Amino acid sequence: MSDEELDQETAFSLLADDTRVRIIRELGRATASPETGIPTLPYAELKSRVDIRDSGRFNYHLKKLVGNYVAKEDDGYRLRWPGMVLYRTIVAGLLTDNVESTIERFAVGTDCHRCGDSIEAHLYETLFRVRCPSCDANYTDIYFPSHGLRDRSEDELLRAVHRRSRTMLDATTSGQCPWCASEVTADIHAGDGSLPSLHDTRDFDAYVVYHCTDCTGFQYMPISQVLLYHPVTISFYYDHGTDLTAVPEWTLEWAVTGRTTTVLDTDPWRFSVRIPLEDEELVVELDEELEVVDSAITARDR
Ligand SMILES: [Zn+2]
Ligand SMILES: [Zn+2]
């Protein structure tokens, strides 16, 4: 066993008591608000917030946390960075599949690009999906912390899911795993009628799979979707008075289907993607790394 594995196991074992989790939570709450946030909690204040009478028991558990999760300063205790990450994880509900924060299936207001029926949002465990219930085309499939589901209307929720999806896929397509910050690699596959997901019936001439070899994080997407995160497309939209970053991917046919993508070559891969917008069309050429190698704006034939 390496030292690193031992440390990780010790870090987990240090949390194996609800009193310790309560200490972390109270220290987190004390520092959470920018207005009322205080850098440290004095011993007596912390003990009272955790609401434990037995000093011996409280001291025992606090001592276990001091070091990795909690720092002891002259004037009290504060969370160290791993403690803060843990606090945020608890608040977000990342470690629990919170059944109270579930949502009813609802229509998102866009028709399926594959069959024309109304597409819907629903939760699958902690994955937020936007997909077609009639033909199983899957447009968005993103991990969304259960805490974020609370107190949001359907429209607010869709906006939040869209923003989260963008943030994660922007990181992924720029080569960084949004989960563990390691490098991700992009593998282009020829579509043969099956996708690396049981839940998606869309078919493509080619698609890309990004995967992280360190933490198993992976994401597949249509080739054209890469351009949702590229400045060439963002500025094309901006010039037409639209903020592309605010447009949900499931509404953009060019991004979620292969209809405007042409495979120019397979060895090495080369693609041309047409992005129509009002009276113009942006045509982008991508190489085997999915880098933009050429782009042009032309008048659109209608
Ligand atoms: Zn459909
Ligand atoms: Zn990773």
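Which helices and strands each supply at least two residues of the lining of the largest pocket? Four do: β5 (127–131), β6 (138–143), α6 (154–173) and β9 (218–222). Helices here are DSSP runs of H or I, at least four residues, strands are runs of E, at least two, and both are numbered from the N terminus.

Some ground rules. This is a predicted model, where local features need pLDDT of at least 70 and side-chain atom pairs count only at pLDDT 80 or more, while totals for chains, interfaces and linings use all residues. Residues are numbered from 1 along each chain as its sequence is written, chains are lettered from A and ligands numbered from 1 in the order written, and side-chain values use heavy atoms, without hydrogens or water.

Back to the largest pocket. A pocket is an open set of points on a 1 Å grid over the protein atoms alone, where a 1.4 Å probe fits, with protein on both sides within 12 Å along at least five of seven lines; lining residues have an atom within 4 Å of a point. Its volume is about 650 Å³, meaning the space filled by probe spheres set on the points. It has 32 lining residues. Nearest its centre are Leu127, Asp141, Ile142, Phe218 and Gln219. β6 gives the largest share, six residues. By class, the lining has 17 nonpolar, ten polar and five charged residues. Asp, Glu, Lys and Arg count as charged; Ala, Val, Leu, Ile, Met, Phe, Trp, Tyr, Cys and Pro as nonpolar; the others, Gly among them, as polar.

Next, the second largest pocket. It holds about 540 Å³. The lining has 22 residues, and Leu15, Leu86, Thr89, Ile90 and Leu95 lie nearest the centre. α1 (3–13), α2 (18–32) and α5 (81–92) each supply at least two. α5 leads with six.

Now the zinc ion, ligand 2. Its protein donors are the SG atoms of Cys177, Cys180, Cys212 and Cys215, 2.3 Å away. Donors are N, O and S atoms within 2.8 Å of the metal (3.2 Å for Na, K and Ca). The spacing is C-x2-C-x31-C-x2-C. The site is tetrahedral, with angles of 101 to 114°; for four donors, that label needs all angles between 85 and 135 degrees.

Cys180 is partly exposed, at 31%. Buried is under 20% relative accessible area, exposed over 50%, partly exposed in between (1.4 Å probe, protein chains only).

Note on methods. Four donors count as tetrahedral if all angles lie between 85 and 135 degrees; four count as square planar and six as octahedral if opposite donors are over 155 degrees apart and all others between 65 and 115; anything else is irregular.
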